[in-house]
Amino acid sequence: MERTILFFLITHHWGTGSSFTYHCGFRYNPPMKSYRKELWFQTPHRRAFINITPEVELALNESGVQEGLALVNAMHITSSVFINDDESGLHQDYEKWLEKLAPHEPVAAYRHNLSGEDNGDAHLKRQVMGREVVVAVTQGRLDFGPWEQIFYGEFDGRRKKRVLVKIIGE
Amino acid sequence: MERTILFFLITHHWGTGSSFTYHCGFRYNPPMKSYRKELWFQTPHRRAFINITPEVELALNESGVQEGLALVNAMHITSSVFINDDESGLHQDYEKWLEKLAPHEPVAAYRHNLSGEDNGDAHLKRQVMGREVVVAVTQGRLDFGPWEQIFYGEFDGRRKKRVLVKIIGE
Amino acid sequence: MERTILFFLITHHWGTGSSFTYHCGFRYNPPMKSYRKELWFQTPHRRAFINITPEVELALNESGVQEGLALVNAMHITSSVFINDDESGLHQDYEKWLEKLAPHEPVAAYRHNLSGEDNGDAHLKRQVMGREVVVAVTQGRLDFGPWEQIFYGEFDGRRKKRVLVKIIGE
């Protein structure tokens, strides 16, 4: 991760004779880079799981970061970013399980919904699945185990919402 | 995020004539910064949710970091740091929901409490709500969606406890 | 965290007389470091909690990082990395609680298991306990509260699985 930059100072001295001096090389280390990108979503239904790994990989390529950390987080408080398996049966299991842990109905069961919202359950579901993931970046790639994939989990969709990708490193 | 520093080397040559050589400018990139701060809490009741966003913003300003990541984590294992909505109805929903998922009583239902503690439930509640958040720092600010606020979640209060803010970047 | 590097440019001028010029010192700041290590596990039973704090501390020492962040994450999607108490009663509470929230049996209750797997529950348990922790590194040490310990949580063991430690900083 180190680059060498050489500086040559050449001085030609005019005078009774002629001489050159040339100097000097040193090691230079690259600074921290940072890169930011928003991903936008509008799901047709209230709830959805969307594999966003390709979009995060694209952002990483754009960043030029070789070694560092990638933060991927929901910018909204009724959705999640999490890492798990891209398997539709599992996603149905998540849907059923989260509905059992924090049912959407009766809507009136949530005090939050007294404000006129109907997404009280979504704020709870999001806590189970998490707001964010932090992924290691190694040799310019997401440093993943064999089955890791990044998902956007929507629990109150049908409107425009965002995920933030922030990559720092060198 | 790059600063230019110019180096001037001026050499005055004495001799049959007189000459000056002056060199050389190069780009210099700032190093990684890091900043650490502890926030202290003592809640009057066993459980509480406290909005700590202003304190984290203050720490960020103190850090001088413009681009990077801010880690905010509970330093105790019966409390949480999480991001969600600053809405009191929702906080009552969380309280009720967590009590259902991991009830405080009967205290004897938790093996952990055999050691003389009564906070077994708090160790479970904290896992649902999470230990930490990592927030992007962009242009010197917490890079948040419209409703994101950082909370300290206390599940075993009435004593002094801490949150750590660690900011790295440039 | 700053090192000073001095550059000496010595120029000897031949001519009617003889002179030396020598220049110039400047401050140089160290670059970002990054370090990567995998920890391997094979638990004898399906589920286990293993304290991996010493291994993460060792990796931190190897990294040479003094100020920064350490990411520790499960590389598999049926296991967790989390921070809590090293107390065996609590671990039994977690085991019982997770089994209640997402029971292993009946195996056929999970659509994921239609693919021939029997680890549907493990994918759910891992979401409750989390994939990763991010720990502050301060003065070359894990910046922990009094009881914080890092655990590997296995929910589908009896085979080789990995945890990634990625440390960035300076």
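This is a predicted model: local features need pLDDT of at least 70, side-chain atom pairs count only at pLDDT 80 or more; totals for chains, interfaces and linings use all residues.
L90(A), D93(A), Y94(A) and W97(A), in helix α2 of chain A, meet H123(C), L124(C), Q127(C) and V128(C) in helix α3 of chain C.

In general, two packed helices are described by the angle between their axes and the distance between the axes. Here the axes of α2(A) and α3(C) are 10 Å apart, at an angle of about 55 degrees. That angle makes α2(A) oblique to α3(C). The crossing of this pair is right-handed. Sorted by class, the residues in the contact of α2(A) with α3(C) are 5 nonpolar, 2 polar and 1 charged.

Now, please find W97(A) on the screen. Which residues does W97(A) touch, leaving out those up to four places away in sequence? In its own chain there are V128(A) and M129(A), and in chain C there are L101(C), A102(C), L124(C), Q127(C) and V128(C).

The largest one has 45 residues, and the members touching the most others are W97(A), W97(B) and W97(C). Which elements give two or more residues to this core? They are α2 (88–101) and α3 (120–129), in each of chains A, B and C. Apart from this core lies another one, of 24 residues, including M75(A), V134(A), M32(B) and M75(B). As background, nonpolar side chains in soluble globular proteins tend to be buried together.

Let me step back to chain A as a whole. How many helices and strands does chain A have? There are 3 helices and 10 strands, and along the sequence they follow the pattern β-β-β-β-α-β-β-α-α-β-β-β-β. Chain A has 170 residues, and 59% of them count as buried. If we take the contacts in chain A between residues at least 6 apart in sequence, 76% of them join residues at least 24 apart.

Next, chain B, and its helix α3. Is α3(B) mostly covered or mostly open? It is mostly covered, with 10 of its 10 residues buried. The buried residues include charged ones by name, among them D121(B), K125(B) and R126(B). Just after this helix comes G130(B), which takes a positive phi of about 95 degrees.

Inside chain B, α2(B) packs against α3(B) at an angle of about 120 degrees, and their axes are 10 Å apart. That angle makes α2(B) oblique to α3(B). The crossing of these two is right-handed. On the α2(B) side, the contact uses Y94(B), W97(B), L98(B), E99(B) and L101(B), and on the α3(B) side it uses K125(B), V128(B) and M129(B). By class, that gives 6 nonpolar, no polar and 2 charged residues.

Over in chain C, α2(C) and α3(C) cross at roughly 120 degrees, with axes that come within 10 Å. This pair is oblique as well, and its crossing is right-handed.

Still in chain C, have a look at E132(C), which sits in strand β7, residues 132–138. Is E132(C) buried or exposed? It counts as buried because its relative accessible area is 13%, under the 20% cut-off. Leaving aside neighbours within four places in sequence, its contacts include E132(A), V133(A) and V134(A) in chain A, E132(B) in chain B, and L71(C) and V72(C) in chain C. By contrast, the C-alpha atoms of E132(C) and S115(C) are separated by 27 Å, and these residues are 17 apart along the chain.

To finish, some backbone details. Most residues other than glycine have a negative phi, and most peptide bonds are trans. In chain B, though, a cis peptide bond joins E105(B) and P106(B), with omega about 0 degrees. P106(B) lies in the loop between α2 and α3 of that chain. In chain C, a cis peptide bond joins E105(C) and P106(C), and P106(C) is in the loop between α2 and α3 of chain C.

R158(B) has a phi near 70 degrees and is in the loop between β9 and β10 of chain B. At 46% relative accessibility, R158(B) is partly exposed. Q139(C) has a phi near 50 degrees and is in the loop between β7 and β8 of chain C. At 65% relative accessibility, Q139(C) counts as exposed.

Notes:
Residues are numbered from 1 along each chain as its sequence is written. Chains are lettered from A and ligands numbered from 1 in the order in which they are written. Side-chain values use heavy atoms; hydrogens and water are left out. A nonpolar core is a set of buried Ala, Val, Leu, Ile, Met, Phe, Trp, Tyr and Cys residues joined through side-chain atoms within 4.5 Å. Buried means under 20% relative accessible area, exposed over 50%, partly exposed in between (1.4 Å probe, protein chains only). Helices (H or I, at least four residues) and strands (E, at least two) are DSSP runs, numbered from the N terminus. Contact means heavy atoms within 4.5 Å. Axes are lines fitted to C-alpha atoms, for helices over the stretch in contact, and angles run from 0 to 180 degrees between N-to-C directions. Angles under 35 degrees count as roughly parallel, over 145 as roughly antiparallel, 65 to 115 as roughly perpendicular and the rest as oblique. A crossing is left-handed if the near helix is turned anticlockwise from the far one by less than a right angle, and right-handed if clockwise.
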